[in-house]
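Keep the structure open while reading.

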Amino acid sequence: MNLRIAVVASTLLLTVSAALAQSHASADLKLNQIQVIGTHNSYHAGIAPNEVKVWQAKYPTQYMGLDYTHPALTVQLDSGVRQLELDVYADSKGGRYAHPSGPGMVAAAGLPADPPFDPDHLMDKPGFKVMHVQDVDYRSNCQPFIACLQEVRTWSKAHPDHVPVFILVETKQGAPKGLKLTMPEPFTSATFDALDAEIRSVFPPSEIITPDDVRGSYPTLDAAVLAGNWPTLSSSRGKVVFLMDQRPVGPVYLEGHPSLRGRVIFTNAEPGEPDAAFIERNDGPADDISALVRKGYLIRTRTDADTKQARTDDTSMRDAMISSGAQILSTDYPANEPARWAGHYSVALPGNAVARCNPVNASAHCDTTLQSNPAN
């Protein structure tokens, strides 16, 4: 009997010790030691039905890559998405993008007019606008940029314990080759000042994780990241993190702000550069991503692109990127928005969790599913 009691007590002690170790590991978990699902072009409402007919007739191959849609940002957040992507166009005077060529293309083709894309004339007002391609793929599920941010903050305030929401910002400039489209306003250092100001007008400092927060007393962001100075997940809950998509605009955003001092958005930097904390590796390879994750960098990658994987239910890229440890996995098909083609391709974490311990750099004792309730 005494032996049996001793065995039971020993087993209970081991169980309690393991639970305590797991709890401690989860409490100390850093922001770069998790993994979440994000959406690509989260604002993308799709092309209007009769414009689709024009696209399919004139540019069938190009249209295939645009054949996806997303619901409202709130719906995505409710379903567990924790990274949103917003493409922004500068429009300091207003009206630059108020008259897209799409409706004229529909009329020229003898087709009925599609529903108006801007019934409230938001495009006439100054401020950053959100869309994919000016003139031809311009319908958004939120407009303008500041309204998109306000929608995210409203959701955030209603779910104060949520896993941090990463907001990827792509600044759009120039026009696609071969198309005569409205020329976007260029992004200068002053334009970026206005972009930061617009973000700060919605989110107070206590609700944003900025480069200054991560750098702390280190001389550069890169030094801080390599030293593991990311905030803990527990201290990051209820907050947002802004990330820059394109690398070429980094130097302009950095003007007057070495190592991103005083800036809101983390640049997409090269490893080892003073501003390096966030790095995109949209096409992998997985081994490269894993190596960067182990060093401490925050990585965003894509699990699919241009509807190619979704049309054939090819999960090889998805599975490799999930295993790579990239903290942000961007897709056009999160679990609640599966592809309509055979196989119904989609991307989700094990157990359809909102977030999980990173498979590459988190402790083995970490609680694998950090949050299974999509509303948090």
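The sections below cover a predicted model.

## Pockets

The largest pocket holds about 360 Å³ of space. Its lining counts 20 residues. Nearest the centre of this pocket lie Gln62, Gly65, Leu66, His132 and Asp306. By class, the lining of the largest pocket splits into ten nonpolar, seven polar and three charged residues.

The second largest pocket has a volume of about 170 Å³. It is lined by 16 residues. Pro103, Asp114, Pro115, Pro116 and Arg139 are the closest to its centre. Helix α5, residues 102-108, gives the largest share of this lining, with three residues. Twelve residues lining the second largest pocket are nonpolar and four are charged.

## Salt bridges

Side chains of opposite charge can pair when their charged atoms come close. The structure holds 14 salt bridges. One of them joins the side chains of Arg300 and Glu85, at 3.1 Å from N to O. This pair links distant parts of the chain. Arg300 sits in strand β8 (residues 298-302) and Glu85 in strand β2 (residues 83-89), 215 residues apart. Both Arg300 and Glu85 are buried.

A salt bridge also forms between the side chains of Arg263 and Asp193, with N to O at 2.9 Å. Arg263 lies in the loop between α11 (250-254) and β6 (265-266), while Asp193 belongs to helix α7 (residues 189-202), so the pair ties together parts 70 residues apart in sequence. Is Arg263 buried or exposed? Arg263 has a relative accessible area of 1%, so Arg263 is buried, the cut-off being under 20%. Asp193, at 38%, is partly exposed.

Asp288 and Arg281 form a salt bridge too, their closest N and O atoms being 2.8 Å apart. Asp288 counts as partly exposed because its relative accessibility is 28%. Arg281, at 17% relative accessibility, counts as buried. Elsewhere, salt bridges link Asp67, Arg311 and Arg340 in a network.

## Glu280

Which strand holds Glu280? Glu280 is found in strand β7, residues 278-280. Its relative accessible area is 10%, so Glu280 is buried. The side chains of Glu280 and Asn282 are joined by a polar contact of 3.3 Å.

Leaving out residues up to four places away in sequence, Glu280 touches Leu168, Met244, Asp245, Arg247, Asn268 and Arg300. Arg300 also takes part in the salt bridge with Glu85.

## Phe166

Phe166 is part of strand β4, which spans residues 165-171. With a relative accessible area of 1%, Phe166 is buried. What separates the C-alpha atoms of Phe166 and Phe242? The separation is 5.9 Å, although Phe166 and Phe242 are 76 residues apart along the chain.

Phe166 touches several residues beyond four places away in sequence. Among them are Leu31, Val36, Arg82, Gln83 and Leu84. Val241, Leu243, Leu298 and Ile328 are touched by Phe166 as well.

Key
Residues are numbered from 1 along each chain as its sequence is written. This is a predicted model: local features need pLDDT of at least 70, side-chain atom pairs count only at pLDDT 80 or more; totals for chains, interfaces and linings use all residues. Side-chain values use heavy atoms; hydrogens and water are left out. Helices (H or I, at least four residues) and strands (E, at least two) are DSSP runs, numbered from the N terminus. Buried means under 20% relative accessible area, exposed over 50%, partly exposed in between (1.4 Å probe, protein chains only). A polar contact is a pair of N or O atoms within 3.5 Å; within protein, one must be able to donate a hydrogen and the other to accept it, and residues adjacent in sequence count only if both atoms are side-chain atoms. Contact means heavy atoms within 4.5 Å. On a 1 Å grid over the protein atoms alone, a cavity is a set of points where a 1.4 Å probe fits but cannot get out, and a pocket is an open set with protein on both sides within 12 Å along at least five of seven lines; lining residues have an atom within 4 Å of a point. Grid points are joined across faces, edges and corners, and a volume is the space filled by probe spheres set on the points. Ala, Val, Leu, Ile, Met, Phe, Trp, Tyr, Cys and Pro count as nonpolar, Asp, Glu, Lys and Arg as charged, and the others, Gly among them, as polar. A salt bridge is a side-chain nitrogen of Lys or Arg within 4 Å of a carboxyl oxygen of Asp or Glu.
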